[in-house]
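Welcome, and please take a moment to look over the model shown here.

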Amino acid sequence: MNTMAKVEHTEHHGPAAGLTRWLYTTNHKDIGTLYLWFSFAMFLTGGCMALMIRAELFQPGLQLIQPEFFNQMTTMHGLIMVFGAVMPAFVGLANWMLPMMVGAPDMALPRMNNWSFWILPFAFAMMLSTLFMEGGAPNFGWTFYAPLSTTYAPPSVTYFIFAVHMMGISSIMGAINIIATILNMRAPGMTMMKLPLFVWTWLITAFLLIAVMPVLAGVVTMMLMDIHFGTSFFNAAGGGDPVLFQHIFWFFGHPEVYIMILPAFGIVSEIIPTFARKRLFGYSSMVYATSSIAFLSFIVWVHHMFTVGLPLMGELFFMYATMLIAVPTGVKVFNWVATMFRGSMTFETPMLFAIAFVVLFTIGGFSGLMLAIAPADFQYHDTYFVVAHFHYVLVPGAVFAIMAGVYYWLPKWTGHYYPETMGKVHFWCSFIGVNLTFFPMHFIGLAGMPRRIPDYALQFADFNMVASIGAFIFGFSQLIFLVLIIKTIRGGSPATSEVWDEPHGLEWTIPSPAPYHTFSTPPEVK
Amino acid sequence: MKPVKSAQQKNRSMVRTLILSCVLMFGFGFALVPLYDVFCRITGLNGKVLNTGPNAPTGSDKNRTIRVQMIAVNNESMPWEFRALSPMVTVYPGESKQAAYLAHNPTSEKMVAQAIPSVSPSEAAQYLHKVNCFCFDRQPLDSLETREMPLLFVIDPELPTYISTITLSYTLFDITSTKAAESDLLSKSAQPNSTGRNTL
């Protein structure tokens, strides 16, 4: 095995055997693995729900499921993908990589780390159990606007509220752990401006989580009180205001969308330099751009509610503030392009996913700019154009970045190279599937097809059929990913400790697979 | 090992700070509720009308007229018949105007209702002063009873000139089952009971 001289290799301290290894583990690599498998399971669960939605929308009319169940599917799909798939996947990557990237032996608070993971399966078991309850699962959309989620909600809404509380606690504990690790556990010489960008983006994301997850907990608590304790936070008859719900929700909700994309920026900023064989262009501008995006995310939330009846000044302020976000985001996109410019590029699977991320995320960013134009938003609001926009930033955005990261670090985790051809097949199937699914949604959205409706007018039939075919291609190609990961864990050509061609970062100085304990003595960073 | 210990202390104080910020942000979520109300009241956004009686302006502006449209909405399962007596009135700014809504309880039960007003465009909300309004009180109606519910308002002459039409919408909520309505249900007379808000 290719062991570097400066790495202390402690074999006597390996993992415990059996199931208790995973239950009681405080090892950041084990917990990272748990998070990643959990999020993959949720990705497939939420994906099945998406396929049920797309199967129903394959043709106009009601064929497979009833509208009530359709609404439950859209709601659960959104909640599971946001809180169960994307967020835990990033936390899993953070658990695996952050200590190795900053030269720490483990996360700062390993016991809390164990706890923050093990809350999640219970939260989602509770959430999914609502599907089998009388009255059905939550059916009010993942944004759970009051009074749909209070006065008109199915009885299972209380389980939903407690599930959200538990997920919130888990995310907050994860965020505390990440901040403490990055600020306190860095190896000597690892100054803030030497941190890899994945670490930087996660640090900023963790602060966003600390700031907004409690607000989400607050808003669901208010719902709970309205439903069970006779308060009227969102009930107009008692002097409350349903629009207030939207304000509080989106005060959480907008930073939340950056929580789901900033770590993706970080992953892509690690991968592109490696395969372009150049240093990242504009490192410090990347850091400042990420911080500006995080700051701006707190003052744009009202652009989700342009149509509630705002005064003109409000519409203008939030319109311009939203457009302002395009500036730091543009800085990042240009930096990635400049990194690739005149690089000696090769196109291994992680790079393919990273480039697809840059291109397709930018498309999603541009449709976001279109939605930011307040007068035009009155036409786009609650149509498939919005669905196309946020799926472009979340699927080929966040999800592709997660996949890129998994391909990039998989040899480091398992000690084997993944089968490259199979990876490329997975990429191209996903790429074609994603675009086939979501690109036509722009057109049917502009033509006026409303979202969250199980049936539609005949003129939308062709594009919907295309979208459904694309969804099934994308969905089933994820099974290639699953098989590839299992194959790579089981065996494959052994990976070197560098894995790629002269990558930068401390994680490439330790052997592959990464030993159970790394950096028990901190490395020197020059 | 000495450095490990100090790292632990650093971690502990950081966890304390971060948990404290979480608690503060949780509180901030709740603080948004009164903040939102105050913000709406100061700016007159969201069509919330709170000005009543005493601070109504005097002296009318005969140079322009304002159309006031009156809309009646029943909330969810509210079975009452509820409509404005005249759907639109024309007033001079500064002139007191009397209007009325008609409510009829078609059920066989005594019921209590509460009307919630809203003004559109929302900029106009702060210029619409209600001297007296049935929306200040809970409205009990016996079975099959019909009542005319009065409304006396003044439009502030300060109303921006680009606003020529104001829509005043009342949503009628059934509050029979709430605690506040108990006293109304017990009293034999159908006189509206004051909720303690300003009436003339």
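## Chain B at a glance

A residue is called buried here if 20 or more other C-beta atoms lie within 10 Å of its own. With that cut-off in hand, 30% of the 200 residues of chain B count as buried. Please keep in mind that this is a predicted model.

What does the secondary structure of chain B come to? There are 2 helices and 9 strands in chain B.

## Where chains A and B touch

Now to the place where the two chains touch. Chain A brings 25 residues to the contact, and chain B brings 26 residues. On the side of chain A that touches chain B, the elements giving two or more residues are helix H5 (157-184), helix H6 (197-228) and helix H7 (242-259) of chain A. H6(A) provides the largest share of that side, 7 residues.

Which classes of residue make up the side of chain A that touches chain B? It has 21 nonpolar and 4 polar residues, and no charged residues.

## A kinked helix in chain A

Helix H14 of chain A covers residues 384-414 and has a kink of about 40 degrees at A:Tyr408. The kink comes shortly before a proline, A:Pro411.

Why can H14(A) be described as largely enclosed by the rest of the structure? Because 30 of its 31 residues are buried, H14(A) is largely enclosed in this way.

## A four-stranded sheet in chain B

Back in chain B, 4 strands form an open sheet in the order S2-S4-S8-S6, and their pairing is antiparallel. Its edge strands are strand S2 (81-84) and strand S6 (128-133) of chain B, each of which pairs on one side only. From one strand to the next, the twist averages 25 degrees.

Strand S4 (residues 96-104) of chain B pairs with strand S8 (residues 146-155) of chain B in the antiparallel sense, over 9 bridges. To find a place to start looking, go to B:Leu102, which stands opposite B:Glu148 in S8(B).

Note on methods:
Residues are numbered from 1 along each chain as its sequence is written. Chains are lettered from A and ligands numbered from 1 in the order in which they are written. This is a predicted model: local features need pLDDT of at least 70, side-chain atom pairs count only at pLDDT 80 or more; totals for chains, interfaces and linings use all residues. A residue is buried if 20 or more other C-beta atoms lie within 10 Å of its own, exposed if 12 or fewer, and partly exposed in between; C-beta atoms are placed from the backbone. Two residues are in contact if their C-beta atoms, placed from the backbone, lie within 7 Å. Ala, Val, Leu, Ile, Met, Phe, Trp, Tyr, Cys and Pro count as nonpolar, Asp, Glu, Lys and Arg as charged, and the others, Gly among them, as polar. The bend at a residue is the angle between axes fitted to the seven residues ending there and the seven starting there. Two strands pair if DSSP finds at least two bridges between them. Axes are lines fitted to C-alpha atoms, for helices over the stretch in contact, and angles run from 0 to 180 degrees between N-to-C directions.
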